[in-house]
Amino acid sequence: MQTLVVDHPLVAHKLTTLRDVRTDSPTFRRLADELVTLLAYEATRDVRVIDVTVDTPLAPAHGVRLARPAPLVVPILRAGLGMLDGMTRLLPTAEVGFLGMIRDESTLKAQTYATRLPEDLSGRQCYVLDPMLATGGTLAAAVHFLFDRGAEDVTAICLLAAPEGLAHLDEAFQGIGKPIRVVTAALDERLNENGYIVPGLGDAGDRLYGVV
């Protein structure tokens with residue numbers, strides 16, 4: 001497994017405002033959207049392309065286009081929806097699937113409650129959107145789900161990650177033989193006794209959409 005913590009002043013600036021308890025939901029949504037686009041730039045560095053030649057007004061030029069099958073973007077409901085526009089703005093030709101997962105607060109294990117994905121993901125590059133990589137249980141379950149359907153490689157884009165979550169993912173996919181990457185804006189200190197990232201930014205879903 002590879003982990004990339006994006007070290008860029010614009011990423012740090014936007015993340016600082018996201019962390020601030022005084023940031024309201026409309027501002028939080030806008031900044032999360034902008035931050036995801038910056039993270040997606042790094043996350044798609046290995047996206048598959050094919051060589052093509054096009055005609056400019058002056059002469060032929062060699063270039064590339066995204067290969068088929070198209071990349072698949074998978075937000076984990078509900079908080080992952082707040083990252084979708086930022087991702088598809090950079091990758092508009094990607095297809096989008098949805099995976100609904102929720103963490104049992106007593107066991108801290110992920111449970112799947114909704115799926116909207118192709119049955120066969122053979123040859124697909126998948127990009128999972130999940131704001132917080134805390135215990136790693138939800139993301140690990142999502143990645144297993146995609147690999148079970150034949151996904152070729154999976155890149156997770158997270159606003160924040162905790163060391164415990166990264167360690168859980170690394171252990172869960174030892175020897176799987178398929179590429180897994182995590183791209184995040186910051187690696188925080190630890191998890192607290194309730195499984196929340198410290199210092200973190202609170203519950204990403206609640207800060208995006210309010211408490212429901």
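The buried residues of helix α1 (residues 9–19) are covered by elements that include α2 (25–43), β11 (160–161) and α6 (204–209), where contact means heavy atoms within 4.5 Å. The model is predicted, with local features needing pLDDT of at least 70 and side-chain atom pairs counting only at pLDDT 80 or more, while totals for chains, interfaces and linings use all residues. Residues are numbered from 1 along each chain as its sequence is written, and side-chain values use heavy atoms, with hydrogens and water left out. Helices (H or I, at least four residues) and strands (E, at least two) are DSSP runs, numbered from the N terminus.

The residues of α1 that are buried are Val 11, Lys 14, Leu 15 and Leu 18. Viewed down the helix axis, these buried residues lie within an arc of 100 degrees, so they line one face of α1; the arc is that of the directions from the helix axis to the C-beta atoms. Pro 9 and Thr 16, on the other side of α1, are exposed. Here buried means under 20% relative accessible area, exposed means over 50%, and partly exposed lies in between (1.4 Å probe, protein chains only).

The loop between α1 and α2 holds Thr 23, which is buried because its relative accessibility is 12%. Leaving aside residues up to four places away in sequence, Thr 23 touches Thr 17, Phe 28 and Arg 207.

Helix α2 has 19 residues and spans 26 Å from its first C-alpha to its last, close to the expected 27 Å at 1.5 Å a residue; the expected span is 1.5 Å times one less than the number of residues. Among the buried residues of α2 are Phe 28, Leu 31, Asp 33, Leu 35 and Ala 43. Their cover includes α1, α3 (84–90), β8 (125–129), β10 (153–158), β12 (180–184) and α6.

Val 49, Val 64 and Leu 66 make a nonpolar surface patch of about 220 Å². Patches consist of residues with over 30% relative accessible area and no salt bridge, with like charges joined within 9 Å and nonpolar side chains (Val, Leu, Ile, Met, Phe, Trp, Tyr) within 5 Å. Accessible areas come from the Shrake-Rupley method with a 1.4 Å probe, and for residues only the protein chains shown count as cover. A salt bridge is a side-chain nitrogen of Lys or Arg within 4 Å of a carboxyl oxygen of Asp or Glu. Val 49 belongs to strand β2 (residues 49–55) and is partly exposed, at 42% relative accessible area. Arg 68, in the loop between β3 (60–66) and β4 (72–77), is exposed at 62% relative accessibility.
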